[in-house]
Amino acid sequence: MLTLSNEPIDDRTLRAEHHAHTAGALVVFEGIVRNYSMGREVTHLEYEATPALANAEYECIVQEASRHYPLIWIRCVHRLGLVRPGETAIWLGVATGHRAEAFEACRYVIDHIKARLPIWKKEHYTDGDSGWINAP
Amino acid sequence: MKTVHVEYVAMIRETVGKPHEALSTGAEDLAGLYADLAARYHLPWSREALRPALNDRIAAWDTAIAHGDRILFLPPSSGG
């Protein structure tokens with residue numbers, strides 16, 4: 001399940017959602033906002049998404065991943081709105097039977113999320129300037 | 001002519017200057033509609049840089065459009 005949230009991510013609550021005793025491995029990836037980008041000091045990021053499309057694309061990615069890896073549990077939360085350096089922008093947890101496939105599945109899903117989920121990030125800098133990331 | 005609802009997001013919204021609009025169009029498909037909008041709003045992005053979405057699903061550029069459709073043009077993702 002994907003949640004898009006304007007509130008800070010509570011990793012303890014998310015971790016507590018995982019109960020499957022058949023899973024021997026849980027890999028968690030947290031994407032954290034840096035205070036610099038391309039040599040510029042970042043004050044905050046601003047995220048926006050198209051929720052219906054983001055949820056549909058996330059489900060496609062999970063279905064693809066489940067064809068490659070024996071997923072037991074997967075959970076993702078992505079922040080929207082204003083996010084400051086040090087805060088978690090994305091939390092992704094992937095549980096499988098064994099650690100190797102958990103690492104690989106987590107990598108697969110986060111890479112596809114970053115490439116395909118319709119979510120956009122605008123960086124704001126200390127000099128007052130701002131810019132969209134990956135602007136074509 | 002048909003009326004479609006177009007939503008603008010991220011850098012496209014900032015360039016167009018509004019988040020959405022209802023448009024009367026004679027375009028046959030998503031590519032034709034984007035060509036019209038790119039000319040109207042001086043959008044600098046080529047079709048290759050974007051993905052179109054139709055009624056909450058990512059679609060192909062040659063997908064036909066119909067009266068009442070909801071359409072978005074998605075810039076490259078930058079989540080995470």
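A residue is called buried if 20 or more other C-beta atoms lie within 10 Å of its own, exposed if 12 or fewer do, and partly exposed in between, with C-beta atoms placed from the backbone. By that rule Asn55(B) is partly exposed, because 15 other C-beta atoms lie within 10 Å. Asn55(B) sits in the loop between strand 3 (51–54) and strand 4 (57–58) of chain B. Its phi is positive, about 50°, although Asn55(B) is not a glycine.

Before I go on, this is a predicted model: local features need pLDDT of at least 70, side-chain atom pairs count only at pLDDT 80 or more, and totals for chains, interfaces and linings use all residues. Residues are numbered from 1 along each chain as its sequence is written, and chains are lettered from A and ligands numbered from 1 in the order in which they are written.

Met38(A) is in the loop between strand 3 (36–37) and strand 4 of chain A. Met38(A) counts as exposed because it has 9 C-beta neighbours inside 10 Å. Helices (H or I, at least four residues) and strands (E, at least two) are DSSP runs, numbered from the N terminus.

Next, the sheet. Chain A has an open sheet of four strands in the order 1-5-7-2, with mixed pairing; two strands pair if DSSP finds at least two bridges between them. Strand 1 (2–5) and strand 2 (25–32) of chain A are the edge strands, each pairing on one side only. From one strand to the next the twist averages 10°. Strand 5 (residues 73–79) and strand 7 of chain A pair in the antiparallel sense over six bridges. Trp73(A) stands opposite Ala95(A), which is in strand 7 of chain A.

Helix 3 of chain A packs on the sheet and touches strand 2, strand 5 and strand 7 of chain A, its direction making about 140° with that of strand 7. Axes are lines fitted to C-alpha atoms, for helices over the stretch in contact, and angles run from 0 to 180 degrees between N-to-C directions.

Last, the interface. How many residues of chain A are in contact with chain B? There are 26, against 17 residues of chain B; contact means C-beta atoms, placed from the backbone, within 7 Å. Helix 3 of chain A gives the most to the side of chain A that touches chain B, with five residues.

Note on methods: Contact = placed C-beta atoms within 7 Å.
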